[in-house]
Amino acid sequence: MADLKVTIAGVELANPLIAASGTFGFGHEYAEFYPLSTLGGISCKGITLKERPGNPPPRIAETPSGMLNAVGLQNPGVDHFIEHDLPWLRQQGTAVIANIAGNTPEDYCAMAEKLSDTDVDMIEMNISCPNVKQGGVQFGTSCAGVGSITAAVRKYCKKPLMVKLSPNVADIGEIAAAAEASGADAISLINTLTGMRIDIRTRRPIIRNNTGGLSGPAVFPVAVRMVWQASQRVKIPVVGLGGIATWQDAAEMLLAGASALQIGTVLFTDPYAPVKILDGLNRFLDEQGLASVTELTGGVRPW
Amino acid sequence: MKQYDVRQCRVMQFDQLTADIYSAWVDAGELARLAKPGQFAQIYVPGKTLRRPISICDAEGDALRFVFQIRGEGTAILANTRAGDSWDVLAPLGHGFSLGDTGRKVCFVGGGIGVPPLVAAAKVFGANATVVTGFRNRDAVILQDDFAKNGNRVVLATDDGSAGFHGLVTECLPEDCEAIFACGPTPMLRALTAEAEKRGVECQVSLEQRMACGIGACLGCAVKLKTEDGGWRHGHVCKDGPVFDARIVAFD
């Protein structure tokens, strides 16, 4: 049995698998299947300063090898999270990562300040949500935007700060470098790629928001490429996500340069995917004669 | 004890009921004994990212029955099932019907593929349940013998009059029902909600929505619900429903 422990921005995770924000709620529903300590960490549903009702339905559309969503950050607000969700989550024996999203830089700063006084392990700043009209991805698609919001939040954030990057950019390496230079302790990528489906008979987009975020195996090769490019530009840890569905995908993403992984959409296909991925990864490490999962990180041999 | 889980279920019997509607009895073990009328399951479809939410039609011992219609690529794949195959089933999910006093006279109303989730609930009421179901035409009629076998009073309507009453289910409601349980197209549910309000009787409606996780984590299957203060909020079909008190559903 190889050592699965990884350390991200000073936070030790029992294994490299983190539940991706927006796919796992605040954990309650998946605790029916297995102890949440099965996971190295949980990135909670994205929270905003005030409660948000989210987008009108339909919010979901299936796509070849994936899905679109436009939930629109429906959440009970940061105070509700701290009071009602965090105490229970804290007892589950897994790292708790608070995912924050805002309309303005002030929103992000206020949430980072509030959460810094709690016992969350890390804050993941979502500047890459494609499904809200204000804020979200507008901060995440230019180096100047990423740099200024990261630097602003850094002043209020006393927790390790992970910045979640959008793939809807021209040069992911530049964006990653801007986050690092402005004080990020880690980066996670990729968020969803903006997509659209249309019902050819009604001529209506299937999703009420017209467009949504594409996730699932369809985006996996894009995610591998971006993690590879970003990891070459930064020294801070890179958390890789985007379509990981099998242990082979997990190994591939680590080789591309990820130090830890997030899994999301595959949970909808198979809620037990984390158990299967960890089991497979463990056997692969033994087969490869590796003592620690960290030995895979960045191990790709580019031509 | 888990409330729901994933299980590999052997398909014991698989039948085609109409041109595009199929019936499967699967061995779901303890999941079948956990199931309550009106709950649903998420069925894995090989090669598809999302499971298909399908209502539980009936439960007997360790067996669950699913009756589903081909609505797209996923259900078309499920329609190729043969007895002896295995289904990967996540169940039982959501809140079913709150049946209350089964000594009351009640009415079940179903339209088209909204009819299957009523079978197990109506069975509990036996002769106290009148089951009014509507279909496009006689070729689309399903499950009439099942309701009759369970002792329910059965009323059939078709849009074209090719079987039973020529018209809408809402024109066939019995006078003496103390509660209405319904599943079907939104216009039907809206009309029944208004009728129940006029009569001053309880009404529960089973809804559907495009869904991802099926357990309340992803918030994909939103439904607009009225709040007590005159406002509204987004609930979720998979966890808060699929069955809702009709008075709180905002049909807009």
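User: What share of the contacts in chain A with a separation of 6 or more comes from residues 24 or more positions apart?
Analyst: It is 71%. Two residues are in contact if their C-beta atoms, placed from the backbone, lie within 7 Å. This is a predicted model: local features need pLDDT of at least 70, side-chain atom pairs need 80 or more, and totals for chains, interfaces and linings use all residues. Residues are numbered from 1 along each chain as its sequence is written, with chains lettered from A and ligands numbered from 1 in the order written.

User: How much of chain A is buried?
Analyst: Of its 303 residues, 58% count as buried. Buried takes 20 or more other C-beta atoms within 10 Å of the residue's own, with C-beta atoms placed from the backbone.

User: Switching to helices. At what angle do α3 and α4 of chain A pack?
Analyst: About 20 degrees, with the axes 8 Å apart. Axes are lines fitted to C-alpha atoms over the stretch in contact, and angles run from 0 to 180 degrees between N-to-C directions. Helices are DSSP runs of H or I, at least four residues, numbered from the N terminus.

User: So parallel or antiparallel?
Analyst: α3(A) and α4(A) are roughly parallel, as angles under 35 degrees count as that.

User: Which residues of α3(A) make the contact?
Analyst: A:Cys143, A:Val146, A:Gly147 and A:Thr150. On α4(A), the residues include A:Glu174 and A:Ile175.

Key:
Buried ≥ 20, exposed ≤ 12 C-beta atoms within 10 Å, placed from the backbone. Helix = DSSP H or I, 4+ residues; strand = E, 2+ residues; numbered from the N terminus. Parallel < 35°, antiparallel > 145°, perpendicular 65-115°, else oblique.
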